[in-house]
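Please walk me through this protein, one part at a time.

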Amino acid sequence: MTAARRVLILGGSSEGFEMAERLVARGLDVVTSFAGRTEERREPAGRSRVGGFGGVEGLARYLELEVVAVVVDALHPFAARMKANAAAACAARNIPLVRLERPMWRAGPDDDWRVVPDMEAAARIAPATEGVCFLTIGRQELAPFAARRDLRLLVRVIDLPETPFHHPDATFMRDRGPFDLAAERCLFAEWHVGCLVTKNSGAAASEAKLQVARERGLPVVMVERPQPPDGLAVTGVDAVVQAVERALRG
Ligand code: NAP
């Protein structure tokens with residue numbers, strides 16, 4: 001395997017696994033990098049590594065030492081710092097970067113979305129209802145909800161928070177997607193969900209909850225994505241594979 005065909009995938013999205021498989025099948029030397037946020041992880045095709053690089057400089061050094069030819073940003077859309085680091089390190093070392101841009105979820109005419117820029121705003125405006133406030137925002141940004149003692153919280157997470165979350169009425173539910181529609185309908189009914197708070201990840205695997213909220217006429221507090229850095233952005237795994245091949249041809 002020649003280093004000229006080495007691809008680094010910055011993983012974190014489900015599409016990253018499909019990309020690794022497709023690029024390995026094309027004979028490329030693929031390394032997928034994970035932040036290491038979850039206790040259990042699927043193994044991608046090709047090689048993998050786990051943990052931070054040490055900021056822009058650390059990543060730039062890694063790219064040079066490993067003679068990476070192309071970097072693919074298949075990060076979760078909310079992994080803003082790593083996206084920016086990737087853009088800066090690739091620019092510094094003159095290495096092509098291809099970013100997967102997953103389409104955002106869009107509100108339809110029957111949706112009651114309250115769109116906010118960040119989690120602080122989400123916690124401020126989440127409406128107190130008869131039912132529980134269902135948080136599907138991960139475990140890293142729960143803190144602003146600690147002050148909302150008027151809400152009953154149902155918090156769905158892959159792994160429990162690493163730091164204690166103090167709230168008088170919060171129930172944690174451990175689960176990971178994909179979540180199917182029938183199961184989401186049952187969950188909303190059983191827990192008497194009155195409001196949903198979520199991030200606009202655009203992931204198909206977690207979209208069913210939005211349909212259930214629509215069916216039940218529930219308010220949805222939707223946290224907008226952070227602005228991605230400039231650079232080549234493509235939609236869909238096919239387009240990423242083509243862009244990588246173009247970049248390798250120079
Ligand atoms: P982040 O804030 O963009 O990144 C923080 C640091 O983690 C980076 O500076 C980097 O450390 C390291 N890092 C992140 N992704 C990495 C990767 N693929 N390989 C190696 N190192 C990586 O991202 P985050 O803290 O992971 O997540 C921020 C938001 O995204 C949260 O809202 C979270 O819920 C959501 N999210 C992330 C993931 C994921 O897999 N990362 C998955 C689902 C949701 P160094 O600077 O030391 O290199």
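Predicted model: local features only at pLDDT ≥ 70, side-chain atom pairs only at ≥ 80, totals over all residues.

Start with one of the sheets. Strands of a sheet pair through backbone hydrogen bonds, either parallel or antiparallel. Here six strands form an open sheet, and the pairing is parallel. Follow the strands across in the order S3-S2-S1-S4-S5-S12. Strand S3 (47-50) and strand S12 (233-234) stand at the edges. Each of them has a single partner strand, so one side of each is left without a neighbour in the sheet.

Strand S5, residues 97-100, runs parallel to S12, and two bridges join them. Arg 99 has Ala 233 in S12 as its bridge partner. A helix also packs on this sheet: H7, residues 237-249. Helix H7 touches strand S1 (6-10), strand S4 (70-73), S5 and S12. The direction of H7 makes about 160 degrees with that of S4.

Now move to the strands S6 to S11. Six strands form an open sheet here, in the order S6-S11-S10-S7-S8-S9. The pairing in this sheet is parallel. Which strands stand at the edges? They are strand S6 (112-116) and strand S9 (170-174). Each has a single partner strand, so one side of each lacks a neighbour in the sheet. From one strand to the next, the twist averages 20 degrees.

Strand S10 (residues 193-199) and strand S11 (residues 219-223) are parallel and pair over four bridges. Within that pairing, Val 220 in S11 is the bridge partner of Leu 196.

Helix H5 covers residues 181-191. Helix H5 lies across strand S7 (132-136), strand S8 (153-157), S9 and S10. The angle between H5 and S8 is about 150 degrees. Helix H6 covers residues 208-215 and lies across S6, S7, S8, S10 and S11. H6 runs at about 145 degrees to S10.

Next, find the ligand. How many residues surround the ligand? There are 23, and the closest are Ser 33, Arg 37, Phe 53, Met 82 and Lys 199. By class, the shell has eight nonpolar, ten polar and five charged residues. Helix H3 gives the largest share of the shell, four residues.

A nitrogen atom of the ligand is 2.7 Å from an N or O atom in the side chain of Ser 33. At Gly 11 the backbone takes part: a polar backbone atom is 3.1 Å from a nitrogen atom of the ligand. At Asn 85, an N or O atom in the side chain is 3.4 Å from an oxygen atom of the ligand. How much of the ligand does the protein bury? Taken alone, the ligand exposes 830 Å², and the protein buries 83% of that. Strand S2 (29-34) and helix H3 (80-93) are the elements that give two or more residues to the shell.

Finish with the backbone. Most residues other than glycine have a negative phi, and most peptide bonds are trans. Pro 178 lies in the loop between S9 and H5. Val 67 sits in the loop between helix H2 (55-65) and S4.

Key
Residues numbered from 1 in each chain as written. Heavy atoms only, no water. Pairing = 2+ DSSP bridges. Axes fitted to C-alpha atoms, helices over the stretch in contact; angles between N-to-C directions. Contact = heavy atoms within 4.5 Å. Near = heavy atom within 4 Å. Polar contact = N/O pair within 3.5 Å; in protein donor to acceptor, adjacent residues only side chain to side chain. Areas by Shrake-Rupley, 256 points an atom, 1.4 Å probe, with all protein chains shown as cover. Nonpolar A, V, L, I, M, F, W, Y, C, P; charged D, E, K, R; others polar.
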